[in-house]
Amino acid sequence: MKYYAVIVAGGSGSRMQNKIAKQFLLLDGKPVLMHTMEAFAACALNPEILLVLNIHQHQYWEELCKAHSFTIPHQLIKGGEQRFHSVKNGLKAIKGKGIVAIHDAVRPLVSPELISRSFEAAEAEGNAVAGIQPTDSVRKINFDGKTEALNRNELLLIQTPQTFNIDLLRKAYQQPFRNEFTDDASVAEYSGFTINIIEGARDNIKITYPEDLEMASFLKKKSS
């Protein structure tokens, strides 16, 4: 079986209060994105890596690769207007059949073990989406501004990788974009596919706010 990884790097630095896009910020002296790609390169199933990046950032990325002597093989793909379109562009670049993992560039602490589990589960079940149960109490904000408690045992916090049989995901991405499509699981589910959840990891955090970089650095040192 052939395995692919589509790394989606579309975020800006707005919530980080930084002009540099989140995927390029330094984590322990190296861009976040490089840590992410190293995890996939370390996966025992040896996936082919495709990086989907805003066309205006391609040259900057190539300069970063030279500056950090980053040599992990990967194909550079033009990003789209939304995450949906970026993933679609990544899928178009894959010519054959196999299993594809879609992963956020700003989840640099994903483990090679979780990546392998996602590939294996998707190969067996058609798809595998990483998720964890919340530990905090959760409330829903209603239209009137009031809130109501939800049962956290009935909720999941969804992560990436989100991994699929390529033919399944290609079919799902043939539909037009909708605002409700926040990830690949929502796209596949809207197409009628049942989503298979696998256990994610609590340290598989998404770099969104300034303090996330500090937390990622701490977790990285703790696991090494």
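User: Why is Asp 28 called partly exposed in this predicted model?

Analyst: The relative accessibility of Asp 28 is 41%. Buried requires under 20% and exposed requires over 50%. The value for Asp 28 lies in between, so the residue counts as partly exposed.

User: Why is Asn 46 called exposed?

Analyst: Asn 46 has a relative accessible area of 59%.

User: How many residues of helix α1 are buried, and which are they?

Analyst: Helix α1 covers residues 32-41, and eight of its 10 residues are buried. These are Val 32, Leu 33, Met 34, His 35, Thr 36, Met 37, Ala 39 and Phe 40.

User: How many aromatic pairs does a search of the whole structure find?

Analyst: The search finds eight aromatic pairs.

User: Why is the pair of Phe 24 and Trp 61 called stacked?

Analyst: The ring centres are 6.4 Å apart, and a pair requires centres within 6.5 Å. The planes stand at 25 degrees, and under 30 degrees counts as stacked. The rings therefore form a stacked pair.

User: Which parts of the chain does this pair link?

Analyst: Phe 24 is in the loop between β1 (3-9) and β2 (26-27), whereas Trp 61 is in helix α2 (residues 58-67). The two residues are 37 residues apart, and the pair links distant parts of the chain.

User: How do you know whether Phe 24 and Trp 61 are buried or exposed?

Analyst: Phe 24 has 5% relative accessibility, and Trp 61 has a relative accessible area of 1%. Buried means under 20%, so Phe 24 is buried, and Trp 61 is buried as well.

User: Which residues does the cis peptide bond at Pro 161 join, and what is its omega?

Analyst: The cis bond joins Thr 160 and Pro 161, with omega at about 15 degrees. Pro 161 has its place in strand β10 (residues 157-165).

How values were computed
Residues are numbered from 1 along each chain as its sequence is written. This is a predicted model: local features need pLDDT of at least 70, side-chain atom pairs count only at pLDDT 80 or more; totals for chains, interfaces and linings use all residues. Side-chain values use heavy atoms; hydrogens and water are left out. Buried means under 20% relative accessible area, exposed over 50%, partly exposed in between (1.4 Å probe, protein chains only). Helices (H or I, at least four residues) and strands (E, at least two) are DSSP runs, numbered from the N terminus. Rings of Phe, Tyr and Trp (its six-membered ring) pair if their centres lie within 6.5 Å; planes under 30 degrees apart count as stacked, over 60 as edge-to-face and the rest as tilted.
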